[in-house]
Amino acid sequence: AATKTFATPACDDTNDVEALENSSSDEESRKGHPRPAPIIRLETETQYRLSADSNGNTFLDRLSGIIGISTSDGIYENANSNNDGCHCCGFAPNGFIISYLHWTFRSSFLAVFTSFSIGFFGLTLLFTCIFMSAGYEQPKCISVNGENFSEYEGRSIYKDFGDAYSLSWTTFSTVGYGLIFPATSSTSNEVGKCGGVFVLCVFEAFVGVLFSSLCGAIVYSKVARLRSHAQVVFSDAVVVRYGKGVMTGNEDGPTNYLNQQGNDRDEDENELPLPILEFRIANLLSNAIGGEIMDCSMNIVASIDETLAGIIVHKPATRTRKRRGRFRPTTPAQIPKLRQLYEDEVYDSEKPLSKASKAMLEKKKKIQSEKLHKIENLAVDLRKNAAKQHKAFEEDLSGNIAPRRIFAKLEVETPDHPFFKRVWTVRHTLDAESPILCGKAKKMVQLNNGYWPKALNDYEAVTASINLDQLLVSLSGTSNADANSVYAQKVYDYRDVNIGYRFVNMLYRDETSGNMEVDIKVINDVVEQVGGGGEPFHIKEPHPLSDILVL
């Protein structure tokens with residue numbers, strides 16, 4: 001087991017390109033901007049507290065409001081609601097039930113079954129105490145093997161408790177009475193005085209039916225949720241390969257790296273490949289028939305603090321020559337320049353013009369107007385595309401406790417998989433359009449014609465170039481076994497990113513059957529990339545007892 005040295009990403013969105021070059025040699029610059037310090041929440045002076053009036057207008061709503069047990073909209077209230085109308089003697093049963101239901105979805109089956117047992121025994125014991133009190137008040141209303149409750153020979157308080165509990169659990173579970181049952185007209189002459197015991201038995205049976213229904217509904221919901229969960233496992237680590245680790249691929253064997261034009265070339269220090277961030281997913285049902293996931297798709301969103309987010313840098317404008325020396329704009333910043341080119345075409349209308357010249361002038365003005373209209377539409381489209389690159393959300397209105405968070409979608413090489421059976425390796429290239437690459441690194445990549453700069457070709461500079469808090473990964477598809485929609489989620493933190501390493505191969509061929517199988521145990525195993533350059537780890541000392549427990 002190994003743990004990496006954690007460092008906060010060190011980039012900002014200033015225009016100084018040389019600062020990042022110096023970060024590879026300056027130890028202080030790699031520490032990065034410190035995270036916002038935790039601030040103690042102070043009690044704010046609230047002038048008004050505005051809340052909606054939830055009192056109903058019907059007779060039942062008013063009656064329940066007077067009793068204090070429910071409100072008209074209390075069915076779907078939050079568990080932490082402070083509405084006084086849904087409390088009963090300081091206890092909010094509606095909120096408790098909602099909290100319990102949410103807890104069952106997050107807990108294991110063993111914990112849920114344990115809570116069922118505690119609830120069953122707790123309710124039966126509660127009714128046992130009530131039955132004992134009723135039996136002491138009216139002994140003839142409960143028959144114990146033909147005798148009155150607590151009046152037969154050899155009775156004791158322990159036997160009375162056992163008789164009352166036997167009556168309680170048989171009534172609660174509705175399995176049928178045995179030798180202990182409520183008195184009837186054939187066993188007692190004072191049945192008219194046993195109305196309270198009869199009502200108590202009916203109410204307990206009603207509660208027992210509701211309890212059984214609730215338990216069944218919870219188990220069914222958990223089973224349905226389990227069926228909708230994809231049987232996949234994500235790697236705990238995210239690796240970033242750079243330099244020679246990208247040139248030689250993901251294995252030890254030599255491979256040729258292709259340049260930007262797609263031609264084979266030898267290693268050039270000035271034309272280094274862009275780093276690749278990758279993680280992988282394994283199908284737990286890879287060896288089972290029908291365990292494939294069909295039409296699988298993946299959505300990856302990077303969560304970044306606005307204080308550490310890099311600016312959005314577009315690709316350099318490529319001038320495509322057309323007739324009359326025009327060029328197509330590629331960024332919103334070029335739109336005003338192109339618009340000015342058309343608006344500067346001023347025609348001298350003071351000179352006398354012939355009819356043909358006037359017609360030509362009107363035609364030219366019409367063409368110019370159409371071009372300006374197209375330019376405006378193009379500007380709107382470019383702004384929309386630029387706005388899609390990230391979205392900022394504000395949680396703290398004051399901005400002192402939590403900064404604004406930016407959620408940017410990550411583009412990967414293979415976001416879709418038509419037939420996910422074994423292993424799926426997801427890769428994202430850290431180029432000038434990557435939202436997790438800081439602004440300085442993006443500028444340096446652009447100045448180096450799209451290649452990774454030599455000054456950033458070490459694990460410390462690569463670490464300093466990445467701005468990332470979390471990676472939110474969601475996977476969805478259709479199970480080939482039962483045709484149900486399945487999904488899975490994974491959240492990666494910045495500390496899970498490991499620079500200069502690659503994953504080991506998970507596939508192997510079985511010697512007996514000859515089938516290709518997946519070794520799930522090595523999904524988190526990594527080795528240093530070809531050519532070295534991996535960040536250092538702190539190796540934990542082995543513990544004999546822990547090794548024995550693992551075995």
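Predicted model: local features only at pLDDT ≥ 70, side-chain atom pairs only at ≥ 80, totals over all residues.
Two helices are involved: H4, residues 109–137, and H6, residues 195–228, each supply at least two residues of the patch. Take Phe113, which lies in helix H4. Its relative accessibility is 40%, so Phe113 counts as partly exposed.

Now to the interior. In soluble globular proteins, nonpolar side chains tend to be buried together. Here the largest nonpolar core has 46 residues. Which residues have the most contacts inside it? They are Phe234, Phe279, Met298 and Ile300. Strand E8, residues 293–305, gives this core its largest share, six residues. As for Met298, leaving aside residues up to four places away in sequence, its contacts are Phe279, Ile281, Pro415, Trp424, Val426, Val473, Ser474 and Leu475.

Is Ile180 buried or exposed? Its relative accessible area is 13%, and the cut-off for buried is under 20%, so Ile180 is buried. Ile180 sits in strand E4, residues 180–182. Beyond residues up to four places away in sequence, Ile180 touches Ile142, Ser143, Val144, Asp163, Ser166 and Leu167. Asn145 is 35 residues from Ile180 along the chain, yet their C-alpha atoms are separated by 6.2 Å.

Strand E4 brings us to a sheet. Strands of a sheet pair through backbone hydrogen bonds, either parallel or antiparallel. In this case there are three strands in an open sheet, in the order E3-E2-E4, and the pairing is antiparallel. Strand E3, residues 147–148, and E4 are the edge strands, each pairing on one side only. How many bridges join E2 and E4? Strand E2, residues 142–144, pairs with E4 over three bridges. Opposite Ile180 in E4 stands Val144, which is also one of the residues that Ile180 touches.

The last item is helix H10, residues 439–447. Why is H10 described as largely enclosed by the rest of the structure? Because seven of its nine residues are buried. The buried ones in H10 are Gly439, Lys440, Ala441, Lys442, Lys443, Met444 and Val445. Just after the helix, Asn449 takes a positive phi of about 60°.

How values were computed
Residues numbered from 1 in each chain as written. Heavy atoms only, no water. Helix = DSSP H or I, 4+ residues; strand = E, 2+ residues; numbered from the N terminus. Buried < 20%, exposed > 50% of the residue type's maximum accessible area, 1.4 Å probe, protein only. Contact = heavy atoms within 4.5 Å. Core = buried A, V, L, I, M, F, W, Y, C linked by side-chain atoms within 4.5 Å. Pairing = 2+ DSSP bridges.
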